[in-house]
Amino acid sequence: MSALSHTMGGDLDLSGTGSVAVVTGADQTRQALLRRLCTNAGAYIWQPDYGAGLPAKVGNVMDEAAVRALVLEQMQAEGGVDQTQPVTVTLTNTKVGAYLLAIAYTDAATGTVQELTLST
């Protein structure tokens, strides 16, 4: 199955011919995860539990255990993640006031281990 390609924070992506681009497989899962992690909980009226709201946490005191638990909870809710395989969430304090979030998961469609990183 494919979906419209959308880079988080931007508009729909265009293909080389100027039409709306589509995405499948591991790229589709990556886009879905970014959307889930960056969407505030309650922002979708029909799915009030959807979203981690990570951007809203920027500037707050870091609670690593709470962020790790929130990310793991959201990863369990994403259909593109193979739930039979472990998910690893690592937070690294790269410099004062900045963190790197690294998530390793197995893509359900391709069976390959993928890594998704976010930084402040």
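The questions below go through the sheet, the helices, the core and a few single residues.

Analyst: This is a predicted model, in which local features need pLDDT of at least 70, side-chain atom pairs count only at pLDDT 80 or more, and totals for chains, interfaces and linings use all residues. Residues are numbered from 1 along each chain as its sequence is written, and side-chain values use heavy atoms, with hydrogens and water left out.

User: What is the order of the strands in the open sheet?
Analyst: Helices (H or I, at least four residues) and strands (E, at least two) are DSSP runs, numbered from the N terminus, and two strands pair if DSSP finds at least two bridges between them. Strand β3 (residues 88-95) is joined to β4 by seven bridges, and β4 is joined to strand β5 (residues 113-119) by seven bridges. Both pairs run antiparallel. The open sheet of three strands therefore has the order β3-β4-β5.

User: Which strands stand at the edges of this sheet?
Analyst: The open sheet has three strands with antiparallel pairing. An edge strand here has a single partner strand, so one side of it is left without a neighbour in the sheet. The strands at the edges are β3 and β5.

User: How many residues lie between the strands of the hairpin formed by β4 and β5?
Analyst: Within this pair, Ala-104 stands opposite Glu-115 in β5. The turn holds Gly-111, with a positive phi of about 75°. The number of residues between β4 and β5 is six.

User: Which residue in the turn of the β3 and β4 hairpin has a positive phi?
Analyst: In this pair, Thr-92 has Leu-100 in β4 as its bridge partner. Two residues lie between the strands of the hairpin. The one with a positive phi, about 85°, is Gly-97.

User: How many of the nine residues of strand β4 are buried?
Analyst: Buried means under 20% relative accessible area, exposed over 50%, and partly exposed in between (1.4 Å probe, protein chains only). Strand β4 (residues 98-106) is largely enclosed by the rest of the structure because most of its residues are buried. The count is seven.

User: At about what angle does α1 run to β5?
Analyst: Axes are lines fitted to C-alpha atoms, for helices over the stretch in contact, and angles run from 0 to 180 degrees between N-to-C directions. Helix α1 (residues 25-38) lies across β4 and β5. Its angle to β5 is about 35°.

User: Which strands does helix α2 touch?
Analyst: Contact means heavy atoms within 4.5 Å. Helix α2 (residues 64-76) packs on the sheet, and its direction makes about 140° with that of β3. The strands that α2 touches are β3 and β4.

User: Which side chain makes a polar contact with that of Thr-29?
Analyst: A polar contact is a pair of N or O atoms within 3.5 Å; within protein, one must be able to donate a hydrogen and the other to accept it, and residues adjacent in sequence count only if both atoms are side-chain atoms. Thr-29 is in helix α1 and counts as buried because its relative accessibility is 7%. The contact, at 2.8 Å, is with the side chain of Asp-107.

User: Is Gln-114 buried or exposed?
Analyst: Gln-114 lies in strand β5, and a polar contact of 2.6 Å joins its side chain to that of Thr-112. Its relative accessibility is 15%, so by the limit of under 20% Gln-114 counts as buried.

User: What is the class of the aromatic pair of Tyr-44 and Tyr-50?
Analyst: Rings of Phe, Tyr and Trp (its six-membered ring) pair if their centres lie within 6.5 Å; planes under 30 degrees apart count as stacked, over 60 as edge-to-face and the rest as tilted. Here the centres are 5.0 Å apart, with 40° between the planes. The pair is tilted.
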